[in-house]
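Please open the structure in a viewer and keep the sequence at hand.

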Amino acid sequence: MLSIDVVTVLPELLKSPFEHSILKRAKDKKLLEVNIIDLRQFGLGKNRQVDDYQYGGGAGMVMMVEPIFNCIKELQSKSEYDEIIYLTPDGDTLNQSKANALSLNKKIMLLCGHYKGIDQRVRDHLITMEISIGDYVLSGGETAAIVLVDSIGRLLPGVLNDESSALSDSFQDNLLAPPVYTRPAQFNGWEVPEILLSGHDAKIEEWRTKAAIERTEKLRPDLLDSES
Ligand code: ADE
């Protein structure tokens with residue numbers, strides 16, 4: 001069982017994404033648990049303030065250290081975390097090998113940033129890992145957290161029916177997945193490659209490997225000489 005606590009100022013945004021399809025199945029099978037924690041509960045004063053103007057001036061608010069500190073300490077008093085991850089565009093870019101590694105954990109916390117970001121002291125003293133989902137800026141870390149949980153959740157053993165199916169995803173082995181087809185075998189004069197209809201498992205496997213390599217060479221040649 002992997003348990004993920006997501007700390008956010010927008011808990012409503014995170015209600016539905018984990019209630020469908022593969023992530024719901026993971027939850028129903030008790031392989032994945034996602035808890036949403038409302039950071040505003042730890043906000044300061046009667047307005048439950050969580051952000052303030054930045055020192056030195058400049059546009060945009062910054063998430064304050066104190067509510068985040070209190071939230072993390074409260075959560076840590078109940079559980080031990082393998083990683084406390086801050087989602088941020090300047091973090092390490094997520095890829096399949098990072099998702100694989102994270103799926104081996106038991107308990108992780110995700111902190112979603114907002115506005116101009118969080119007070120640097122949170123990053124210096126409380127965060128153990130920083131992850132970006134790509135070189136673009138989102139309005140908040142929540143959508144990135146959904147992507148991260150999805151990429152990890154589907155890797156947990158037993159979540160996918162066919163155990164081998166996560167292994168045949170794109171990016172495992174640094175290859176894109178080969179093309180796939182389903183019925184009908186002929187549509188509009190467009191045909192399914194004959195080998196796939198042959199029933200010859202070894203030949204089909206050989207064709208798929210070749211097609212995966214060709215597709216990777218054509219679309220993502222960078223993957224073929226990358227380490228991860
Ligand atoms: N927050 C804002 N943009 C992000 C990104 N690209 N990845 C992760 N968290 C983010």
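The tour below begins with the sheet, continues to a helix and ends at the ligand. Please bear in mind throughout that this is a predicted model.

**The sheet.** Select the strands β2, β1, β6, β5 and β7; in that order, these five form an open sheet with parallel pairing. Next, colour β2 (32-38) and β7 (129-132): both stand at the edges and have a single partner strand each, so one side of each is left without a neighbour in the sheet. Looking along the sheet, one finds a twist that averages 30° from one strand to the next.

Select residues 142-153, helix α5. This helix lies across β1, β2, β5, β6 and β7, and runs at about 155° to β6.

**The ligand.** Finally, select the ligand and the residues that surround it, among them L87, T88, P89, I131, G134, Y136 and A144. Which strand gives the largest share of this shell? It is β5, with three residues.

A nitrogen atom of the ligand lies 3.2 Å from a backbone N or O atom of T88. For G134, a backbone N or O atom is 3.1 Å from a ligand nitrogen atom. For Y136, a polar backbone atom is 2.8 Å from a nitrogen atom of the ligand. Of the 260 Å² of accessible area that the ligand has on its own, the protein covers 96%.

How values were computed. Residues numbered from 1 in each chain as written. Predicted model: local features only at pLDDT ≥ 70, side-chain atom pairs only at ≥ 80, totals over all residues. Heavy atoms only, no water. Pairing = 2+ DSSP bridges. Helix = DSSP H or I, 4+ residues; strand = E, 2+ residues; numbered from the N terminus. Axes fitted to C-alpha atoms, helices over the stretch in contact; angles between N-to-C directions. Contact = heavy atoms within 4.5 Å. Near = heavy atom within 4 Å. Polar contact = N/O pair within 3.5 Å; in protein donor to acceptor, adjacent residues only side chain to side chain. Areas by Shrake-Rupley, 256 points an atom, 1.4 Å probe, with all protein chains shown as cover.
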